[in-house]
Amino acid sequence: MTIRRRPHAGSHLPAWAFVPAGIGAALVLLPLVAMVSRVSWGNLWPLLTSESSLTALALSLRTSATATVLCVLLGVPMALVLARARFPGRDLARSLVLLPLVLPPVVGGIALLYTFGRRGLLGHTLEVLGVQIAFSTTAVVLAQTFVALPFLVISLEGAVRTAGDRYETVAATLGARPTRVLLRVTLPLVAPALASGTVLAFARALGEFGATITFAGSLQGVTRTLPLEIYLQRETDPDAAVALSLVLVVVAVTVIGLTRRTGTESTP
Amino acid sequence: MRRRVLAVAPVIALVLGLAGCGGSDQGGDDDAAASPTPEAATLTVFAAASLMGVFEEIGSQFESDHPGVSVEFSFAGSSDLVAQIQQGAPADVFASADTKNMDKLVADDLIDGDPVDFATNTLTIAVPPGNPAGITSLADLTQDGLNVVVCAPQVPCGSATTTVEEGSGITLTPVSEEQSVTDVLNKVIAGEADAGLVYVTDVKGAGDTVEGVPFDESSNAVNTYPIATVSGASQADLAKQFIAMVTGSVGQDVLAAAGFARP
């Protein structure tokens, strides 16, 4: 599916463009290089396998995986509705879905607090039902889903719109029902975008910090995810904070690798 | 062709980046050397976040006593400030919320002279207005179904909490161990927590959004605030005068009004 559009990349580029581009690249990469240079490799393993690190890592993986599943379950229909359905205010809805992407996460945390907190919009109803969300792992998953959902929706919505509806129309004229068209035609067409959107959502959920610390609190094994553990370790043990940061950098690089792979297949 | 360009770009980037770093460091030194003129001077004070209100008040008093001098503050967690000073941040004065963080700078030879203790603070129980859970003692915090929030043991208010627990033999089972005392206070103000352990001054500063419940065991952990001039301060004289104001009657009155005790 790849189309070679740029046989001589860079040939039309003025030479000076490499200077600011290089500075930009340094700005992104140098801090990471500097951080990796501070890793104390000798006691990396004990730092990474300490009880608090492993608990935080396990909690992070568990909550991020759950949040990613929620993102797929809610985000795929959202993307399809935004891309295909015609309803008044669709453009506005498209913009509003992006809000968590541009909001500072701490603002998201405050908003979640006033929705699901004990004195929040839904808090009283939830309390009557015997559900307490604040300070629970559920709160972490909610915060992660809130910030990660737009990543999946944008990747998928763009792909669905670009793919067009010709094949779907054909399938429908051949007698396929809407659900069958969706599962057998639409989703396979946008599978690469769905995959990269899912991976991005997982990565965003894994890195979630601001909304979690504002909304969910911080308790080992319950709400203290890896980013919160890093922030706390910094207080007493900077080496441990750097070691744990390295874990997240490795995860991030892996995620970029995965999305690049699926991404090149999906972009025409 | 394309591959070669891509491979070269990061190298260019790194070289430029490193060159840029060297250049800006030198620029910073020149600026620092050029600025101290007696007429218009800036005193930079790094102070623990819990000192924000009182130090801003002392700072404006200092500015009106020293025409032409402006006092600039950086308020953050003491350990953050220590890390910044260790990395060369241009502080003239450092005021810490505990002796442990001040000792880190003393050990690194980054403090000029001896730190002076200028205030103390103790823990108290913060509860929502009206004290709905009817808490009257530290032991009340162990009741079932109560959402108690404390600071994590890694931060000063949390290590004070641990000391109080050890001294009293009472073990708390908090629903959250927060990063800072402000986070604990905000959880109580927001109504998420039924009670939280914070400093006396935090309750005082929060006005009528929370109530404080003093408890006897808090005397086990008295937090001492030291202040000192940072080594190589560009405004060493002004720094000493500022410290004198904090430890003198002006500073002590402001501190006492905010709920701090004398060391």
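In which sense do strand S6 and strand S8 of chain B pair, parallel or antiparallel? They pair in the parallel sense, over two bridges, with S6 at residues 148-151 and S8 at residues 195-199. Strands here are DSSP runs of E of at least two residues, helices are runs of H or I of at least four, and both are numbered from the N terminus. Two strands pair if DSSP finds at least two bridges between them. In this pair, Val149(B) stands opposite Gly196(B) of S8(B).

Before I go on, some housekeeping. This is a predicted model, where local features need pLDDT of at least 70 and side-chain atom pairs count only at pLDDT 80 or more, while totals for chains, interfaces and linings use all residues. Residues are numbered from 1 along each chain as its sequence is written, chains are lettered from A and ligands numbered from 1 in the order in which they are written, and side-chain values use heavy atoms, with hydrogens and water left out.

Now the sheet. In chain B, five strands form an open sheet with mixed pairing, in the order S7-S6-S8-S5-S9. At the edges are S7 (176-178) and S9 (211-213) of chain B, each pairing on one side only.

Next, the helices on it. Helix H5 of chain B, residues 156-168, lies across S5 (123-127), S6 and S8 of chain B, and runs at about 100 degrees to S5(B). Helix H6 of chain B, residues 181-189, packs on the sheet and touches S5, S6, S7 and S8 of chain B; its direction makes about 140 degrees with that of S8(B). Angles run from 0 to 180 degrees between N-to-C directions, with axes fitted to C-alpha atoms, for helices over the stretch in contact. Contact means heavy atoms within 4.5 Å.

That leaves the interface. Chain A gives 29 residues to the contact and chain B gives 30 residues. Between them the chains bury about 2,700 Å², 54% of it on carbon and sulfur atoms. Buried area is the accessible area, taken with a 1.4 Å probe, that two parts lose on being put together, summed over both. Arg118(A), Phe135(A) and Glu235(A) supply 25% of the area that chain A buries against chain B, more than any other three residues.

How many salt bridges cross the interface of chain A and chain B? The rule, a side-chain nitrogen of Lys or Arg within 4 Å of a carboxyl oxygen of Asp or Glu, finds three. Arg118(A) also meets Asp194(B) in a salt bridge, at 2.9 Å from N to O.
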